[in-house]
Amino acid sequence: MNKGSERTFNDLVEFIGEEMDFESGFYNDSYLDRRITARMRRTDTEDYQSYQQLLERDDGEREELLDSLSINVTGFFRNPEAWERLRPVLRELTDDNRRVRLWSAPSADGREPYSAAMLALDDRDIDARRVEITATDINADILEEARDGTYATSQTTDIADELEPLDDYTKYIEQDGTTFQVRDRVKEMVTFEQHDLIRGDPKRDFDLVFCRNLLIYIDSEFKVPIFETIRGSLREGGYLMIGMTETLPAECRDSFEAVDKRHRIYRRV
């Protein structure tokens, strides 16, 4: 975004917020500009003003932009080494002889919560019968995709490679060519719900919360409310896992102690 276009960019962002019911103020400008510019390239639109005019007359493009702005970049076992460090956490939690509740927020297309379910099923020292997973996202359409649990290898993703941390992924995934379908035994462990992590109420009594790769897109002033929601959703001693490139806001560091700082695993104090 160059300085000469800042006014029209701000006008466009204001239009998206007011007319398309998208909370653009939560996100930093660099993230918004990347997603908007990508849609402009797809629609052969040369400037922000022309793209706003397109949005004003084309409901289909509004839907495409909203889908693009929703943060849904994910993968099975993203950052595999971090998932390996979760094994002892899940073993410890299920050793306590009780129900163990996990929350994936935001869950995007479902690959993160399904990864947690498959990890529990695949590790003989984790009692998967005790594990239940709640997966939430603000985007209703992406939740429907997640519930379906069908994924395809493409030029940018190789699902089989993503599933390498498992001893035998065919126990949990049915493959048909380049299409992969999550099996029912995995799906039964995950419940999907629509929830706004920024404005929504805290949940209750979770043992582990995943909030990975959301904070890098969020404007700094909204990070603290997110962590307050997470803290209120965790039982005392519950675990939090954030993205490998993310850090806890300074205001929240007294609420969490590092269990594995390198892999961004923390425990609620």
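Arg35 sits in helix H2, which covers residues 29–42. In this predicted model, Arg35 has a relative accessible area of 15%; because the cut-off for buried is under 20%, Arg35 counts as buried. The protein is divided into domain 1 (3–69) and domain 2 (80–268).

**Arg35**

- Asp67 lies 32 residues from Arg35 along the chain. The C-alpha atoms of Arg35 and Asp67 are 9.9 Å apart.

**The sheet**

- An open sheet is built from 7 strands, and their order is S6-S2-S1-S7-S8-S10-S9. The pairing in this sheet is mixed.
- Which strands stand at the edges? They are S6 (190–194) and S9 (256–260). Each has a single partner strand, so one side of each has no neighbour in the sheet.
- From one strand to the next, the twist averages 25°.
- Strands of a sheet pair through backbone hydrogen bonds, and the pairing is either parallel or antiparallel.
- S2, made of residues 131–137, pairs with S6 in the parallel sense over 5 bridges. Asp137 has Gln194 in S6 as its bridge partner.

**Helices on the sheet**

- Helix H5 (residues 80–95) packs on the sheet. The strands touched by H5 are S1 (100–104), S2, S7 (206–211), S8 (234–242), S9 and S10 (265–268). The direction of H5 makes about 165° with that of S8.
- Helix H10, residues 223–233, lies across S1, S7, S8, S9 and S10. H10 runs at about 135° to S8.

**The two domains**

- Taken over C-alpha atoms, the centres of domain 1 and domain 2 are separated by 30 Å. In the contact between them, domain 1 takes part with 8 residues and domain 2 with 8 residues.
- The size of an interface is often given as the accessible area lost when the parts come together.
- Between domain 1 and domain 2, about 830 Å² is buried. Carbon and sulfur atoms give 55% of this area.
- Which three residues supply more than any others of the area that domain 1 buries against domain 2? They are Phe26, Tyr27 and Asn28, which supply 60% of that area.
- How many salt bridges does the rule find across the interface of domain 1 and domain 2? The rule finds 0.

Note on methods. Residues are numbered from 1 along each chain as its sequence is written. This is a predicted model: local features need pLDDT of at least 70, side-chain atom pairs count only at pLDDT 80 or more; totals for chains, interfaces and linings use all residues. Side-chain values use heavy atoms; hydrogens and water are left out. Helices (H or I, at least four residues) and strands (E, at least two) are DSSP runs, numbered from the N terminus. Buried means under 20% relative accessible area, exposed over 50%, partly exposed in between (1.4 Å probe, protein chains only). Two strands pair if DSSP finds at least two bridges between them. Axes are lines fitted to C-alpha atoms, for helices over the stretch in contact, and angles run from 0 to 180 degrees between N-to-C directions. Contact means heavy atoms within 4.5 Å. Domain bounds come from an automatic or database domain assignment. Buried area is the accessible area (1.4 Å probe) that two parts lose on being put together, summed over both. A salt bridge is a side-chain nitrogen of Lys or Arg within 4 Å of a carboxyl oxygen of Asp or Glu.
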